2 protein chains.
Amino acid sequence: MSGDINRQFRLAARPVGLPKRTDWQLTSTPLPQPRDGEVLCRVLYLSLDPAMRGWMNEGKSYIAPVGIGEVMRAGGVGRVMVSKHPGFAVSDHVSGGLGVQEYAAVDGAQLVKIDPALAPLPVFLNTLGMPGMTAYFGLLDVGQPKPGETVVVSAAAGAVGATVGQIAKIKECRAIGIAGGPAKCRYLVDELGFDAAIDYKAEDVRKSLRANCPNGVNVYFDNVGGDILDIVLAQLARRARVVVCGAVSQYNNTTPIRGPSNYLSLLVNRARMEGMVVFDYADRYPQAGREMAGWIAAGKLKSREDIVEGLQTFPDTLLKLFSGENFGKLVLKVA
Amino acid sequence: MSGDINRQFRLAARPVGLPKRTDWQLTSTPLPQPRDGEVLCRVLYLSLDPAMRGWMNEGKSYIAPVGIGEVMRAGGVGRVMVSKHPGFAVSDHVSGGLGVQEYAAVDGAQLVKIDPALAPLPVFLNTLGMPGMTAYFGLLDVGQPKPGETVVVSAAAGAVGATVGQIAKIKECRAIGIAGGPAKCRYLVDELGFDAAIDYKAEDVRKSLRANCPNGVNVYFDNVGGDILDIVLAQLARRARVVVCGAVSQYNNTTPIRGPSNYLSLLVNRARMEGMVVFDYADRYPQAGREMAGWIAAGKLKSREDIVEGLQTFPDTLLKLFSGENFGKLVLKVA
C-alpha cells in the first residue's frame, strides 16, 4: 500500500485565472481508517472535468466550493479494500466522489457499485458516468429534440458533447458539432456519425453554421459560452431551445463573464435558454445508464477516453481541459 | 376633413441612438381612397411603444422593418368614415395598425371592431390592447406563475408592467415592481396593489430586491434588459422563469447590446429565460380580452394612460418612452 501513505492534492489557494501549480498542495498522510458505514477504496481512475474549475471559486453555486486546505473534489472509480458498509465487499468496484488522492474512506451511501464486465472502468467516468448523464438529461429533458430537428453542440469532441451528438442521431436529428482542429472534426463525422463538424480554430463559425443549418438551429447544447454562444444565438430557429450546460471559455476569466450580446434572439425567435445541473436527475441515473449501456452494446454510442497516468501529474493534466488539448473524456489513472 | 389632406410621419432615415427630428419627415398627401375590402378611418388615438424603436432598424426581427419613406407603423383606434368591407359600417370604432397619420385606408381583415361602451377608447390601446395582451400571455403562458410565488417586473409603471403586476396579484403571487421615481412607486403600491416597488433611480436595486424577495425571484418579467436584468438574474430562485419581453434600456444603443453577464445563474438555478412575441397569441386575444374586461369591471385591473395631444408632437412624444418620463401607457391623441 505505497508504504501505507496516502498522497492527496489539496486546494492551497483560490486560483485567479488558470489554476497554477502553487494553487495546489501535495500532502502525504497515513491511510485513512474507514468508520462504520464507510468503505476504504484504492482510487483507480479519476474524472477531470471543466466543472472542477467552478468548485475552486468562493461563492454560491449549485454545489459548495472546495475549502482551502481540503482534498480536491473529484469523481472516480475505485476498488474496495476494507468495507464497513453492508452493501460492499472487498474487491468490489465502485464509483463516486473519491477526491484527488490515492485512497479514500467514503460513506457507502455515496458510492455506487459498478460491474467491470459491462465496460472498461474509464467508461464509468464517461458515457456511463456524469458526462453521459449530463448529455442524456440535458439533451432529452431540457433540449427536447424532435426527429428531423437540427441539434448543435459545442466542445463536441469532449465527454459531454460527443454523447450529446450521438444521442441526437439516435433520436433521428441532424447533429452538428463544433470542435477545435481537424482530428477532432474528422472523429465526430467519421467515427461518431455526426452530420457535420465545424472547426472553430480554422473556419468562420458563423458561415459554416449557416451553411450546415439552413433552417436554423433547433437545439443548441452549450458547453462553452463566449463568442460561440453568441454566434449560435444569432442563428436560432423559431422556438429553439438552448441548453446551458457550461461555459468553459469563461471559467478562467479574471474579468466578469461576458454575457451573450445576442440574447434578444430569444425574443425574436420565441426561443428559450435553460440551465441544467445533472445531480437533479440522480433518481433516474439507473434507467439512463441501462438505456445507454444498451446503445453501447448495439454499437450506437461510442466513447473515447484521454487517459493520463500518475496522480502527480494532476495540476498539469487538469489544464488540458482549458487549452482545448484533450480529446475525449479526460481521465487520470491513479493506480 | 382638414381640407382633405392627410398628414403623415414617414421614416426619413434610420436613427443612430435616439430618434432625432431629422429621422422623420412630415408629409401632406390627399386623403386615401379605400379600395374594395378596405376601410377609411379617421385616426383618433395612436399607441406609442418602445417596440417602435426596433421597427426603425434595418435587419431581421420578428417583424419587417419600416422602410425609408414609409409611414411609421403604429397601432391605433379610429372611427370608420367610409367602408368597402362588409364587416364595418360608418361610425364603427376599430383598432389595428393605422400608422402615424390622420387618416388610414386599411384592409378590413386587419382591423378589429371595438365597443366604446366597454371602456374609454385609449384603454383599447392599453389593458385591452397589445400591452395588455403582452402582459397576459407573457406572464401566464411563458412565466407560468404559481400562487405564493414572487413575480418581479421592470418598467412596472409602464403599460405592460402595470398589467403584469396586477395579473400576478390576481393569480395570488407577490408582485414587486421596479420603476423610476417616487410617484410611480407609490402608484404601484397604493393604487395597483403591488406588494412593493423599488425605485431604481433612488435605491440600490440589488439590496432592495434582496430585502423584498428573501426566497429569490420565481418569475422575472423583463422589459428593460441591461443592469437590472443582471441584478435580477443574480437573485433567481430555483427553476425561475425569466420572460424576455423587451430591453428598452438597450434599444437606442449605438454600441452592441450588452448581454447579461449573470446568465450562468440560469445554470446554477436550473432556470430558464424565454422570449415572447404577442402576435403569436392572436387567436386567443378575444378570450384574454373578455377575461381582462371582467377584471376591469370588477375593479381588479386598473389602467392609466399618459395622453399627449397632437399628431405634430409625435417625434418628441415618442422620446418620453426612453427617458423614463412617461407614466402609464403613452397615447398620442390625433383627433
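Begin by selecting chain A of this predicted model, and colour its two assigned domains separately: domain 1 is made of residues 2-126 together with 304-333, while domain 2 covers residues 130-279. Where the two domains touch, 17 residues of domain 1 of chain A and 15 residues of domain 2 of chain A take part in the contact.

Next, select helix α1 of chain A, residues 51-55, which gives three residues to the side of domain 1 that touches domain 2, the most of any contribution to that side. Taken by class, this side of domain 1 of chain A holds seven nonpolar, seven polar and three charged residues.

Now show chain B as well, and look at where the chains meet: 25 residues of chain B are in contact with 25 residues of chain A. On the side of chain B that touches chain A, the elements giving two or more residues are α7 (265-268) and β13 (272-275) of chain B, and β13(B) supplies the largest share, four residues. By class, this side of chain B has 15 nonpolar, five polar and five charged residues.

Finally, select strand β13 of chain A, residues 272-275, along with β13(B): the two strands run antiparallel and are joined by three bridges. Which residue of β13(B) is the bridge partner of Met273(A)? Select Met273(B), for this is the residue that pairs with Met273(A).

Key: Residues are numbered from 1 along each chain as its sequence is written. Chains are lettered from A and ligands numbered from 1 in the order in which they are written. This is a predicted model: local features need pLDDT of at least 70, side-chain atom pairs count only at pLDDT 80 or more; totals for chains, interfaces and linings use all residues. Two residues are in contact if their C-beta atoms, placed from the backbone, lie within 7 Å. Ala, Val, Leu, Ile, Met, Phe, Trp, Tyr, Cys and Pro count as nonpolar, Asp, Glu, Lys and Arg as charged, and the others, Gly among them, as polar. Two strands pair if DSSP finds at least two bridges between them. Domain bounds come from an automatic or database domain assignment.
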